[in-house]
Amino acid sequence: MNVEALLHSIPPLAVYLLVGGVVGIESLGIPLPGEIVLVSAALLSSHHELAVNPIGVGIAAVIGAVIGDSIGYSIGRRFGMPLFDRLGRRFPKHFGPGHVALAERTFSRWGVRAVFFGRFIALLRIFAGPLAGALKMPYPRFLAANVSGGICWAGGTTALVYFAGVAAERWLQRFSWIALVVALVCGLVAAILLRERTSRAIAELEEEHYRKTGTPAA
């Protein structure tokens, strides 16, 4: 089975469920590649002979983001900041003192805007819901920022990738899939560079935590 036939065999509903599920679980606070899944699905939707609809992809991502963040908010509000201490001991690579300190500093500086703009940043996508709940942010304000951020992030990403894929297919018909792969690689490189910058900030906060407590992060 060639690539074209394999892609045609994928049910659109499965794509929508995958997008909504991965984005929702990531928003809940579990590290998953939500943005990569969204970008990949949007690229599929730009190939017109496939049945995947970009509107369906965007809606699935928005629903997943809103539901996942809301569940994460409820968990954070129920267990408070001690939740992050427990998570930090079990999953130091994702919930270490530096990660929590960076997210908390962002929330302290930007307030409810951190929920909106956090949708565009991998670290804050994981922390936004649980941390907003732990910090007792009023739910109506959280929900408004959550929904608007989810729409802008999911809708904007889907539209951008979709039209980029359509343009690639129009101008490079014989090499459309190569162009789409190149676009995906460029997006991944940008995401990696942003993640490295975030990692440096986290490392600095880990060092600051060590100086204050005398205890290195797990």
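Guide: Let's begin where Ile75, Gly76 and Phe79 of H4 meet Pro82, Leu83 and Arg86 of H5. Please keep in mind that this is a predicted model. The residues of this contact divide into four nonpolar, one polar and one charged.

Visitor: Which residues of H5 are buried?

Guide: In helix H5 (residues 82-90) the buried residues are Leu83, Phe84 and Gly88.

Visitor: And why are they said to be on the same side of H5?

Guide: Around the axis they cover an arc of only 135°, which puts them on the same side of H5. Arg89 and Arg90, on the other side of H5, are exposed.

**The chain as a whole**

Visitor: How many helices and strands does the chain have?

Guide: The secondary structure comes to eleven helices and zero strands. The chain has 218 residues, and 41% of them count as buried. Among contacts between residues at least 6 apart in sequence, 75% join residues at least 24 apart.

**The largest core**

Visitor: Which residues touch the most other members of the largest nonpolar core?

Guide: This core has 20 residues, and those touching the most other members are Phe84, Phe107, Val115, Phe127, Ala132, Met137 and Phe142. Helix H7 (97-110), helix H8 (113-118), helix H9 (122-134) and helix H10 (139-171) each supply at least two residues of this core. The largest share, eight residues, comes from H9. Apart from this core lies another, of 17 residues, among them Val22, Val57, Val62 and Val66.

Visitor: What is Val115 in contact with?

Guide: Leaving aside neighbours within four places in sequence, Val115 is in contact with Phe107, Ala132, Met137, Phe142, Ala145 and Asn146.

Visitor: How do you know how H7 is placed against H9?

Guide: H7 and H9 pack with their axes 10 Å apart, at an angle of about 70°. The range for roughly perpendicular is 65 to 115 degrees, so H7 is roughly perpendicular to H9. The contact of H7 with H9 has ten nonpolar, two polar and one charged residues. Among those meeting are Val100 and Phe107 in H7, and Phe127 and Ala132 in H9.

**Two single residues**

Visitor: Why is Ala41 called buried?

Guide: Ala41 has a relative accessible area of 4%. Buried means under 20%, so Ala41 is buried. Ala41 is found in helix H3 (residues 34-45). Not counting residues up to four places away in sequence, Ala41 touches Val15, Val19, Val52 and Val57. Ala41 and Val15 are 26 residues apart along the chain, yet their C-alpha atoms are separated by 6.8 Å.

Visitor: Why does Lys136 count as partly exposed?

Guide: Buried is under 20% and exposed is over 50%, with partly exposed in between. Lys136 has 43% relative accessibility, so Lys136 counts as partly exposed. The place of Lys136 is in the loop between H9 and H10.

Visitor: What is the phi of Lys136?

Guide: Phi of Lys136 is near 60°, a positive value in a residue other than glycine. For comparison, most residues other than glycine have a negative phi.

Technical notes. Residues numbered from 1 in each chain as written. Predicted model: local features only at pLDDT ≥ 70, side-chain atom pairs only at ≥ 80, totals over all residues. Heavy atoms only, no water. Core = buried A, V, L, I, M, F, W, Y, C linked by side-chain atoms within 4.5 Å. Buried < 20%, exposed > 50% of the residue type's maximum accessible area, 1.4 Å probe, protein only. Helix = DSSP H or I, 4+ residues; strand = E, 2+ residues; numbered from the N terminus. Contact = heavy atoms within 4.5 Å. Axes fitted to C-alpha atoms, helices over the stretch in contact; angles between N-to-C directions. Parallel < 35°, antiparallel > 145°, perpendicular 65-115°, else oblique. Nonpolar A, V, L, I, M, F, W, Y, C, P; charged D, E, K, R; others polar. Arc of directions from axis to C-beta.
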